[in-house]
Amino acid sequence: MKLPTSALLAHALFGFDAVLADITTTINAASNYGTWEGWGTSLAWWAAAFGDRDDIADAAFSLGTVSLNGATLPGLGLNIVRYNAGATSSNSVNGESIVKSPKIIASRLIDGFWVDWRDETPTSSNWTWGVDAKQRSMMQKAKTRGANLFELFSNSPMWWMLNNHNPSGSDDGSSDNLQTWNHRQFAVYLANIAQYAKNNWGITFHTVEPFNEPSANWWNGKTGTQEGCHFGAATQQDVLPYMRSELNSRGLNSVLISASDENTYDVATSTWKALNTTAKAAVGQINVHGYQYGNGDRTALYNQAVSSGKKLWNSEYGESDATGSQLISNVILDFRWLHPTAWIYWQIIDGGGWGLLTGDNNALSISGPTQKYFVLAQLTRHIRPGMRILDSGADYAIAAYDATAKKLVIVAVNWGSAQYLNFDLSRFSMPGTSGATIQRWSTQIGSGDQYATFKDTALSGSKFWSYFQTNQVQTFEVTGVVV
């Protein structure tokens with residue numbers, strides 16, 4: 001890395017201790033925002049298209065070096081998988097059949113398992129367990145590569161449970177579409193999938209989420225492009241106890257219910273406050289989506305989770321910025337104010353900048369990685385499950401500590417002019433060994449470095465620094481650190 005002339009002169013005359021950073025942050029060793037559970041992705045819709053691809057599974061779920069379409073990639077090492085229980089089938093029951101939105105995108109319809117309401121027994125012929133093979137295949141590939149947390153989630157109940165038989169939503173988008181007499185049956189559907197997965201797929205779901213952005217008004221059967229369903233708070237609080245009861249009756253007492261996967265932090269807070277005590281007691285984990293980006297009151301939702309004694313996940317995030325700028329900005333905001341213990345990116349493969357890998361789920365085509373892929377690698381390959389999340393002291397950095405390995409990880413980004421960023425570890429009882437090399441990794445937002453690694457940084461007493469270009473993300477691993 002080329003240093004400015006002034007920095008080189010200072011080094012020659014005085015040594016590195018004379019080089020002053022432009023910005024300094026002190027890592028708070030006494031802080032603790034929870035034990036990190038991991039990073040993940042939702043399998044719908046990309047895995048329903050590419051679920052037979054080992055190279056994509058390697059890129060998403062391993063920590064190895066991966067060759068994909070001629071590119072050499074660092075595996076992301078994702079350990080959380082969200083599996084989508086579909087709402088679609090092509091059969092008719094008593095002359096009734098699915099109604100599809102005229103705007104539906106074919107790859108966003110996921111085959112469901114319960115195709116005939118006349119028998120809820122999962123061993124009956126009314127259940128078709130052979131569908132959705134590719135999504136299930138990718139889930140198995142993820143497990144083989146180290147994924148250890150699995151969530152079952154629903155975008156919509158089965159079509160025949162719905163008032164208009166349309167899994168894209170109600171006719172106006174803002175009214176509940178689940179038939180009142182199917183509230184329990186919806187819970188039966190998800191509980192049977194969870195039980196079948198455990199007994200036949202070797203997959204134990206850690207959580208089950210019955211809703212997806214339930215307060216939204218865009219789940220419209222006339223204009224929708226995917227599966228979706230509006231649930232008012234009253235309907236949610238009726239379904240949630242059924243969900244708990246059906247899981248328990250199948251011996252799945254340890255499986256948590258997560259809710260409500262609202263689109264924004266502010267709506268999630270409002271929905272949680274609107275649920276009654278019985279419904280809240282059924283929920284073990286609050287899920288929220290990150291589509292409020294740089295806005296919204298993250299702290300308010302975190303406070304609700306803490307006061308309710310619930311875990312908190314950012315269970316879905318995505319945007320069209322292929323550079324990685326929005327991703328790193330919003331991840332840092334989440335770590336700083338939301339304090340989730342898991343963070344999930346929506347689509348591994350998609351077009352228009354949304355995917356970590358550029359591809360088309362309908363055409364079954366895939367090209368290469370976006371720069372966002374490498375920005376995410378700066379996080380996922382280093383902040384690993386089991387680490388303790390610390391207060392970095394800054395809005396441009398994240399810190400995590402591995403007590404077993406005595407390793408401190410810092411991920412930082414420089415939004416301003418090129419400058420030194422200085423990191424003060426003086427609050428640790430042992431900040432590492434002075435003079436020891438600190439390995440760092442670099443990705444330039446937009447273009448440039450793609451997870452490049454360097455060994456040109458060293459600890460000086462209880463501090464170290466690194467020169468950052470504008471829009472550069474760097475990750476540091478400091479060894480020999482004791483809280």
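**Reading a predicted chain**

Modeller: In the protein chain, 33 positive and 39 negative charges have mean positions 5 Å apart. This is a predicted model, in which local features need pLDDT of at least 70 and side-chain atom pairs count only at pLDDT 80 or more, while totals for chains, interfaces and linings use all residues. Residues are numbered from 1 along each chain as its sequence is written, and side-chain values use heavy atoms, with hydrogens and water left out.

Colleague: What makes a charge positive or negative here, and where is it placed?

Modeller: Lys and Arg count as positive, Asp and Glu as negative; His and the chain ends are not counted. The place is NZ of Lys, CZ of Arg, CG of Asp or CD of Glu.

Colleague: How many helices and strands does the protein chain have?

Modeller: Eleven helices and 24 strands. Helices are DSSP runs of H or I with at least four residues, strands are runs of E with at least two, and both are numbered from the N terminus.

Colleague: Why is the protein chain called as compact as a globular protein of its length?

Modeller: Its radius of gyration is 24 Å, close to the 23 Å from the globule rule for 483 residues, so the description holds. The radius is taken over C-alpha atoms, and the rule is 2.2 Å times the number of residues to the power 0.38.

Colleague: Why is L390 called buried?

Modeller: Buried means under 20% relative accessible area, exposed over 50%, and partly exposed in between, with a 1.4 Å probe and protein chains only. L390 has 5%, so it is buried. L390 lies in strand β15 (residues 388–390).

Colleague: What makes a set of residues a nonpolar core?

Modeller: Its members are buried Ala, Val, Leu, Ile, Met, Phe, Trp, Tyr and Cys residues, joined through side-chain atoms within 4.5 Å. The largest such core has 127 residues, and Y189, L379 and I383 have the most contacts inside it. Helix α5 (residues 183–201) gives this core its largest share, ten residues. Leaving aside neighbours within four places in sequence, I383 is in contact with residues including W36, W39 and F335. A second, separate core has six residues, among them W45 and W346.

Technical notes
Contact = heavy atoms within 4.5 Å.
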